[in-house]
Structure formats: C-alpha cells, structure tokens
Amino acid sequence: MPRRFEQLITDAIAAQAGPDKAPAVAQTMISTSIGLKHQVRARDTYRERLMAAIDLLLH
C-alpha cells in the first residue's frame with residue numbers, strides 16, 4: 001500500500017511540477033506529512049500546514 005500511495009502522489013505532482021521533479025517532491029511531501037502527524041493534534045492544523053508545504057514544494 002505505501003508504494004501505491006507514493007505512486008499516486010508522484011503522478012499528481014508530475015501533472016503540476018513535471019515528471020523530472022515529481023519523485024523527489026513526492027518523497028519530501030510524504031516525509032513532511034509523517035512529521036506533521038507527530039507535531040499537530042488537530043486535523044485542521046495538519047491540513048493547513050500540509051498545504052503550506054505543498055505550496056513551498058511546487059513553487
């Protein structure tokens with residue numbers, strides 16, 4: 001399952017950032033998500049911070 005999830009994330013990122021950057025961005029995004037899960041308790045806070053990370057990684 002984790003491999004399939006990583007592929008889905010990579011494919012979605014490739015549509016925005018291009019296929020060359022997608023694997024590294026996807027791996028960083030997954031690592032960021034795991035870290036945030038340990039730092040925040042509220043779902044809204046998690047989503048807010050994950051969106052900030054997505055913005056940083058894609059621009």
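I started with the lining of the largest pocket in this predicted model. I counted 14 lining residues. Phe-5, Ile-9, Met-29, Ile-30 and Leu-50 lie nearest the centre of the pocket. I then read off the volume, which is about 220 Å³.

Next I asked which helices supply the lining of the largest pocket. Helix H1 (2-17), helix H2 (22-39) and helix H3 (43-58) each give at least two residues. I also sorted the lining by residue class: 11 nonpolar, 2 polar and 1 charged.

I turned to Glu-6, which sits in helix H1. Is Glu-6 buried or exposed? I found a relative accessible area of 19% for Glu-6, so it counts as buried, the cut-off being under 20%. I listed the contacts of Glu-6 beyond four places in sequence: Ala-26, Gln-27 and Ile-30.

Then I went through H2. I noted 18 residues in H2 and a reach of 25 Å from first C-alpha to last. That is close to the 26 Å expected at 1.5 Å a residue.

Which residues of H2 are buried? I logged Ala-22, Val-25, Ala-26, Met-29, Ile-30, Ser-33 and Leu-36. Why do I put these on the same side of H2? They cover an arc of only 135° around the axis.

I checked what covers the buried residues of H2, and the cover includes H1 and H3. On the face of H2 turned away from the buried side, I found the exposed residues His-38 and Gln-39.

Conventions: Residues numbered from 1 in each chain as written. Predicted model: local features only at pLDDT ≥ 70, side-chain atom pairs only at ≥ 80, totals over all residues. Heavy atoms only, no water. 1 Å grid on protein atoms, 1.4 Å probe; cavity = no way out; pocket = protein on both sides within 12 Å on 5 of 7 lines; lining within 4 Å. Points joined across faces, edges and corners; volume = space filled by probe spheres on them. Helix = DSSP H or I, 4+ residues; strand = E, 2+ residues; numbered from the N terminus. Nonpolar A, V, L, I, M, F, W, Y, C, P; charged D, E, K, R; others polar. Buried < 20%, exposed > 50% of the residue type's maximum accessible area, 1.4 Å probe, protein only. Contact = heavy atoms within 4.5 Å. Expected span 1.5 Å × (residues − 1). Arc of directions from axis to C-beta.
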